[in-house]
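Subject: Structure for your files

Hello,

Here is the structure you were expecting.

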Amino acid sequence: MKGLFITFEGPEGAGKTSVIQKLAEELKYRNYPVILTREPGGIAIAEQIRSVILDCNNTEMDARTEALLYAAARRQHLVERVIPALEEKKIVLCDRFIDSSLAYQGFAREIGVEDVLSINEFATEKTLPSLTIYFDIDPEAGLKRIAANNKREINRLDQEELDFHYRVKAGYDLVREKYKDRFIVVDASKDFDSVYEKTKNVIVTFLSENGY
Ligand SMILES: Nc1ncnc2c1ncn2[C@@H]1O[C@H](COP(=O)(O)OP(=O)(O)OP(=O)(O)O)[C@@H](O)[C@H]1O
Ligand SMILES: Cc1cn([C@H]2C[C@H](O)[C@@H](COP(=O)(O)O)O2)c(=O)[nH]c1=O
């Protein structure tokens, strides 16, 4: 048996990071072999690429350059962090993965979901998560949460116009339909405790169904 690769997706401010951080702590406390990581980032090279992509000064960045940088960060993170952990039978919780590229670059930036899928298949050698939790929220509500948090730095993608964020959501709808076997949707508009409990139940059930 290999480990389990579980990803978390959704629009800005949906609450993914807050929920996964608490969940990883609880699972570790209960002795599950868990690692928590994120995209873009998670390891030094990918964090450097993240800085370039999300820098608010890089307004001239071309959409395909952006898609390639996300794919490059993904490749390095996958080979350096995710695959070794899966080989050690760990449970890898990852804040965003390929579905973000399909929704943001493929659909919202209008490069084309199939073209973005193709560069990502090259980057990942077709590695996909076993389970993806989608945090469903109205984009405007998510952006309001971010704006209310004065500790959260605003990045280049956050600064896109509201229409872009609605296209991201529409892109996710498409991606969820394409990969419906691995997606579970959580209503992220609810209060933190409800979203956390729902997510935890889904994950713990999935872990137990998969021998953990
Ligand atoms: N259920 C919730 N209700 C209200 N506020 C929440 C909820 N969950 C998280 N928040 C707050 O919303 C803000 C965004 O949360 P978080 O960073 O976890 O979202 P995210 O999905 O990781 O966003 P992004 O992908 O844009 O970084 C934070 O200030 C967090 O405290
Ligand atoms: C992996 C990935 C991410 N993005 C976008 C989504 C967010 O706007 C940022 C990451 O910031 P977060 O606070 O860590 O969520 O990058 C993207 O457009 N494409 C991707 O593949």
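What follows is a short account of what was found, by region.

The model is predicted, not experimental. For orientation, UniProt (unreviewed entry) places a "domain: Thymidylate kinase-like" feature at residues 8–196.

Ligand 1

The shell around ligand 1 has 15 residues, of which G15, T17, S18, R145 and N149 come nearest. The most comes from α1, with 3 residues. By type, the shell has 4 nonpolar, 6 polar and 5 charged residues.

The annotated binding site

UniProt (unreviewed entry) also marks a "binding site" at G10, P11, E12, G13, A14, G15, K16 and T17. Two of these positions can be described further. P11 sits in the loop between β1 (4–9) and α1, and A14 is found in the loop between β1 and α1 as well. Are they buried or exposed? P11 counts as buried because 25 other C-beta atoms lie within 10 Å, and the cut-off for buried is 20 or more. A14 is buried too, with 25 other C-beta atoms within 10 Å. Leaving out residues up to four places away in sequence, P11 touches I137, P139, G142, H165, V168 and K169. With neighbours within four places in sequence set aside, A14 is in contact with F135, I137, G142 and A188.

Ligand 2

The residues around ligand 2 are E12, R38, E39, P40, Y70, R96, S100, S101, Y104, Q105 and L157. Helix α4 (residues 98–108) gives the most to this shell, with 4 residues. The shell divides into 4 nonpolar, 3 polar and 4 charged residues. One backbone detail belongs here: the peptide bond from E39 to P40 is cis, with omega near -15 degrees. P40 is in the loop between β2 (34–38) and α2.

Helix α2

The buried residues of α2 (residues 44–54) are A46, I49 and R50. They lie on the same side of the helix, because they cover an arc of only 110 degrees around its axis. An α-helix has 3.6 residues a turn, so residues three or four places apart point the same way. On the other side of α2, A44 and S51 are exposed. The cover over the buried residues of α2 includes α3 (63–87).

Core

The largest nonpolar core has 43 residues, and those with the most contacts inside it are I6, V92, L93, A103 and F135. Apart from its neighbours within four places in sequence, L93 is in contact with I6, I20, A24, V34 and L36.

Positive phi values

N31 has phi near 70 degrees, a positive value in a residue other than glycine. N31 is placed in the loop between α1 and β2, and counts as exposed because it has 7 C-beta neighbours inside 10 Å. K126 is not a glycine either, and its phi is positive at about 65 degrees. K126 lies in the loop between α5 (113–124) and β4 (131–136). With 10 C-beta neighbours inside 10 Å, K126 counts as exposed.

Regards

Methods:
Residues numbered from 1 in each chain as written. Chains lettered and ligands numbered in written order. Predicted model: local features only at pLDDT ≥ 70, side-chain atom pairs only at ≥ 80, totals over all residues. Near = placed C-beta within 6 Å. Helix = DSSP H or I, 4+ residues; strand = E, 2+ residues; numbered from the N terminus. Nonpolar A, V, L, I, M, F, W, Y, C, P; charged D, E, K, R; others polar. Core = buried A, V, L, I, M, F, W, Y, C linked by C-beta atoms within 7 Å. Buried ≥ 20, exposed ≤ 12 C-beta atoms within 10 Å, placed from the backbone. Contact = placed C-beta atoms within 7 Å. UniProt positions renumbered as here; feature names shortened; annotations may be inferred. Arc of directions from axis to C-beta.
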